[in-house]
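Let's walk through a protein model together, one step at a time. Keep the sequence and the 3D view open as you read.

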Amino acid sequence: MPSNSPTPAGGPRDVADTPHGPTGPRDPSAAPRAATAHPAEPVPVSAPSPERADPIDPNPSPALRDRAPAASPEPTRPGYRAVFAVREFRAVFAAHLLSLLGVVVSELALTVLVYDLTGSPLLSALTFALGFLPYLVGGTLFAGVADRYPARRVLVTCDLICAGCVAVMVLPGTPVGGLLALRCLVASVSPVFTGTRMAALTDILGEGDLYVLGRSLLRIVSQSALLIGFGVGGVLLAALSARGAITITVGTFLCSAALLRFGTRNRPARTGGDRGGALLKESLAGARIVLADRRIRALMLLFWVPALFVVAPEALAAPYADEIGLGPAALGLLMCAMPVGHIAAELYAGAVLAPRGRSRIVLPVAATGLLPLLLYGLRPGMALTLVALALAGVGAAYIIGLDQWFVDAVPEELRGRAMTLLTAGLMTVQGIGMALAGLSAEFLPVHRVVAGSGVIGVVCTLLFVREVSRTARATAPVDGSPTEVRDGADQHMTSG
């Protein structure tokens, strides 16, 4: 299943250790946990140089006597390579890549299939829209699954459900209504899968920098799939029928399920294992607790609000290309520009910036990330439009630091539900943003709609940047990276 698209400092837990069991409510008066986790695989440490091996040399050479004291080396920080060194993450990464390509190809093939069966552009477009709308329902009503059952079981089951749905789509006798219903079911499962996987990454990689970089890699794959997946789907549709292309995606879901089943450890549920009681009640109660926490709520809104407005230029790419007289090839470039900017910014932030640097850019980049859309007010041509879109993609670099703040703020026993709700909200606001942009373009020129989205988006984002700043209580851990503590007024929100 795809991730669409979101700690106290420390390394990952050792994958050879006994999985830790359920946790009780967090003590509001307790300080943030110290960074005591050990890396999953030891990182080689270079041996000290001969000149520093014996600090009490009774007969130092003149060269060493006159030399200024050597500066203490900066502590090394993990990079993307260290994330791939964790065996379980490699399985999660491969499963994510396979299932994501399967989703993209199946969406494209299903749209073509529905159009071939009905000849209706509305039903064909509705097939895409149904990829967004059920997210809110699934993410709200089924969020409790992420904490109630072991993560591996949830992930494998979700992949098998999707494989089953796609297999039924392939059957020649499946009516159009059935195809759309199955599409809704797959979309309802997606936020549960994504939220569970996000929470499971904290078990696999720890809650520190490796977790942030692992989430970054999964986002990069998601953005890349937008560039590669539709191309792969187009090639498959040129060689196979729509049902034939959909059949291939059954295999991708099954391979993803196998990788997760045999490549990850079976850890216990976060809330104490399988429990009785109504799942719906538990899910809604968890959502209420998460949203009642002022700090978590502010962080969620900082994920959601920019996403609501940044989708406008992509949703209106075709009418804007027509407005300024561009052809189909130019439309493809317009659709690629923002993902390219996002990937480049994410790679830079993950590979070059230290955790403290990523934390420092969150609020300023979030506040200014939508400003490039104001260039649309000039009704720019092809070149300037591509620049504006790429810069808007770069504005998403704040998310990599925001991931760290979010996992810090959410109690472990609520983590699965919080991350499922975060994913569901993110997809929902993108669907709403696309619909509002399309509705506005019925009455206003496209370039003014996009520029207006930038203006309104910047104003709204500034309000939540201010709220996030107000709720922050930064401490200074040993490694110097900031740890966000929830606002004291809301520290009673500890368990679901």
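A residue is called buried when its relative accessible area is under 20%, exposed when that area is over 50%, and partly exposed in between, using a 1.4 Å probe and protein chains only. By this rule Tyr320 is buried, because its relative accessibility is 1%. Before we go on, note that you are looking at a predicted model, in which local features need pLDDT of at least 70, side-chain atom pairs count only at pLDDT 80 or more, and totals for chains, interfaces and linings use all residues. Residues are numbered from 1 along each chain as its sequence is written, and side-chain values use heavy atoms, leaving out hydrogens and water.

Let's begin with the interior. In soluble globular proteins, nonpolar side chains tend to be buried together. Here we call such a group a nonpolar core: a set of buried Ala, Val, Leu, Ile, Met, Phe, Trp, Tyr and Cys residues joined through side-chain atoms within 4.5 Å. The largest nonpolar core in this model has 89 residues, and those with the most contacts inside it are Phe89, Leu205, Ile246, Leu302, Leu402 and Phe406. The element that gives the most to this core is helix 9 (residues 176-205), with 13 residues. Helices are DSSP runs of H or I with at least four residues, strands are runs of E with at least two, and both are numbered from the N terminus. There is also a second, separate core of 23 residues, which includes Leu334, Met338, Ala437 and Val458.

Now zoom in on Phe406. What does Phe406 touch, not counting residues up to four places away in sequence? Its partners are Ile296, Leu299, Met300, Phe303, Ala418, Met419 and Leu422, where contact means heavy atoms within 4.5 Å. Phe406 is buried, because its relative accessible area is 1%.

One of these neighbours brings us to aromatic rings. A pair of aromatic rings is described by the distance of the centres and the angle of the planes. Rings of Phe, Tyr and Trp (its six-membered ring) pair if their centres lie within 6.5 Å; planes under 30 degrees apart count as stacked, over 60 as edge-to-face and the rest as tilted. The whole structure holds 5 aromatic pairs. Phe303 and Phe406 make an edge-to-face pair, with 5.9 Å from centre to centre and 85° between the planes. Phe303 sits in helix 13 (residues 294-310) and Phe406 in helix 19 (residues 398-409), so their pair ties together parts that are 103 residues apart in sequence. Phe303 counts as buried too, because its relative accessibility is 3%.

How does the pair of Tyr320 and Tyr376 look? Their ring centres are 4.9 Å apart and their planes are at 55°, so this pair is tilted. Distant parts of the chain are linked here: Tyr320 is in helix 15 (residues 317-323), while Tyr376 is in the loop between helix 17 (355-368) and helix 18 (382-394), 56 residues apart. Tyr376 is buried, with a relative accessible area of 2%. Elsewhere, Phe84, Phe89 and Phe93 form one aromatic cluster.

Next come the charged residues. Side chains of opposite charge can pair when their charged atoms come close. A salt bridge is a side-chain nitrogen of Lys or Arg within 4 Å of a carboxyl oxygen of Asp or Glu, and the structure holds 7 of them. In one, Asp403 meets Arg215, with the closest N and O atoms 3.9 Å apart. Asp403 lies in helix 19 and Arg215 in helix 10 (residues 209-239), so this bridge ties together parts 188 residues apart in sequence. Are these two residues buried or exposed? Both Asp403 and Arg215 are buried.

Another salt bridge joins Glu346 and Arg219, at 2.7 Å from N to O. Glu346 is in helix 16 (residues 328-351) and Arg219 in helix 10, so the pair ties together parts that are 127 residues apart in sequence. Glu346 counts as buried at 1% relative accessibility, and Arg219 is buried at 5%.

Finally, look at the salt bridge between Glu323 and Arg379, whose closest N and O atoms are 3.4 Å apart. Glu323 is in helix 15 and Arg379 in the loop between helix 17 and helix 18. Glu323 counts as partly exposed at 21% relative accessibility, and Arg379 is partly exposed at 42%. Through shared partners, salt bridges join Arg215, Arg219, Glu346 and Asp403 into one network.
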